[in-house]
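Okay, thanks for coming, everyone. Let me put the structure up and walk you through a few bits of it.

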Amino acid sequence: MEPITEDSVQCLLFSCVTNTNIYSHENSLAKLCEEVNLTIKTLSQDYIWHREEFTFNAPIILDKNRNGTPLHLTSVTCFGDNIEDEWFILYIVLETTKLHPNIIVQIKDSDGEFILIEAADYLPQWVNPDTTVNRVFLYNGHIHLISPELVNLETNLSISDALRIVTQSPERTQVIDNIEKAVFERIGNYPQKIYENTHHTVVNIPAELAALLTLDPKLIAPIVTTYCNHDLLEAKMCVNMSFDDCIDTKVKFTKCLYSMLVHSKLINNVYLKKNDTDGTNIGLKLTIGFNMILKSSTDMYSTKSFANFLGSLKEKGYFKGNIEGSQEYKQLLENAKTYYANNECSVNLHVCKKMEQLMSTDEFIMLKEKLILDKDNSTLSGDSNDWLNIHPEHLNELLNRRYGKEAKYKNNDIVTAQTITNELSNFLHKSSDFDGIETNNNENVHNSNNIDFEVDTFNECIEKFLNFLVSDENQETDDESDTNDDEEYEFNYTDDTSADFLDKEIKSKLSLEKNIGTSKNILQNIVQSLKEEKSSAGPSSTLLKSVGINKSYILDSDDDEE
């Protein structure tokens, strides 16, 4: 399998059905690939992929030297600038494992096990990138993690052994609810989320482009990305481009694609001198991107990339010694071309070929003529684009909810100066390294059902309490007898023990008052810093957030006093 490139997701899909000779089941693997891809197509029929469509592929060559890795389907999908594609892929894979209980999937991206990264707050201490190799899988709609209790961390766990452990003991490998909850919350409420992330707008574009986007709305993605990522040579080719037979039509975008297109710079064009209005800018950008793709038209099978691909197949014995030009050779060559067109060639070449095929159909010609006849339709309307404007307060709230530490206090809780300084002091005394702050495991002791009872400590506490009561009774007697005296008040201690105890009490009270004074000074400095930050995030609000205190709890009460 090729290494994972930047902004891409890799999936390996294994069949849980064990076979004596896995090489004799090539047809079964191809059938499984067809069934799984049909499920994926059904789940994503209304989804617009940003760069590449997510599908699984059977290997074009059965590699008999796979180092013990079972035969499997593969998928490497580039999601580009839209990270949402990655989480939608995870949703699809989880749903697919529910619908096909005989499969198990391993998924990761260029950062590694992104599922575990999302649930980092709930992972056990032993989990890190070096200890999770071949230990994370998706099976029957759940996340599975092979713990050290099942296989020692020092063991080099093979993929075959890992699959056997998960499929035979799924109840022992399924992760805790908190981990799955964190991941499922990040995935969101698909399939409803598909429609929440779309945006419709009315644009003025040529009739042939309108017909193409009507027949295949998903073509909007390569058109937008081609325009937004164009180079200088492509821009020069579009300087004198004409815009004839333009009509108004409603186009569906993802919010990511729409925002990219809106904020991209418009290429200077002679046409713009006569039609420099905001209403036509988006349509002009789409038209330019469409023409850039068509101008890249070439025979993909005459490219250097295809020649290298074909040479690699020959070296690996793909043609099985058949003579070039023979019937079996031609069939294998056609299979190789299909595989290359769907998986190996550039996105623009693939899209260009798809566009040319659509434009050659009778359905396209009839639809184009119909759109031209109906071009005076004035009932078209698009969606509001208010979502493009995000206020700083909303952004801070979003970032705090997504990445901030969960608050320990609510608006009606009393947050004192002593509370804040104690929390900050505890935070600063925690140990840290390149992995971040380490939480002391003793913090969760209160969740234990075990109670430790120390007899000596208990007796000492009772004795101090009784001594304090005796000294308190004597103090009240002295107060009654000396009520009318002008002499300085003196304590009468019953014994040395009670005297020492009362001295300690007085010293602790004085120390507490001193600490409270210091805490108030610290709090005043923090409050002043928070006021200077206003609505933006700063060092003081970040420090408070690290101990679970929201700055609004302090500013709201403090402002009232001032």
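**The overall picture**

So, the protein's secondary structure comes to 22 helices and nine strands, where helices (H or I, at least four residues) and strands (E, at least two) are DSSP runs numbered from the N terminus. Bear in mind this is a predicted model: local features need pLDDT of at least 70, side-chain atom pairs count only at pLDDT 80 or more, and totals for chains, interfaces and linings use all residues. Residues are numbered from 1 along each chain as its sequence is written, and side-chain values use heavy atoms, with hydrogens and water left out.

Of the 562 residues, 37% count as buried, meaning under 20% relative accessible area, with exposed being over 50% and partly exposed in between (1.4 Å probe, protein chains only).

Strand 3 (residues 103–109) and strand 4 (residues 136–139) run antiparallel, joined by two bridges. Ile104 has Tyr139 in strand 4 as its bridge partner.

Last stop: Ile390, in the loop between helix 16 (362–373) and helix 17 (392–403). Is Ile390 buried or exposed? At 57% relative accessibility, Ile390 counts as exposed.

Technical notes
Pairing = 2+ DSSP bridges.
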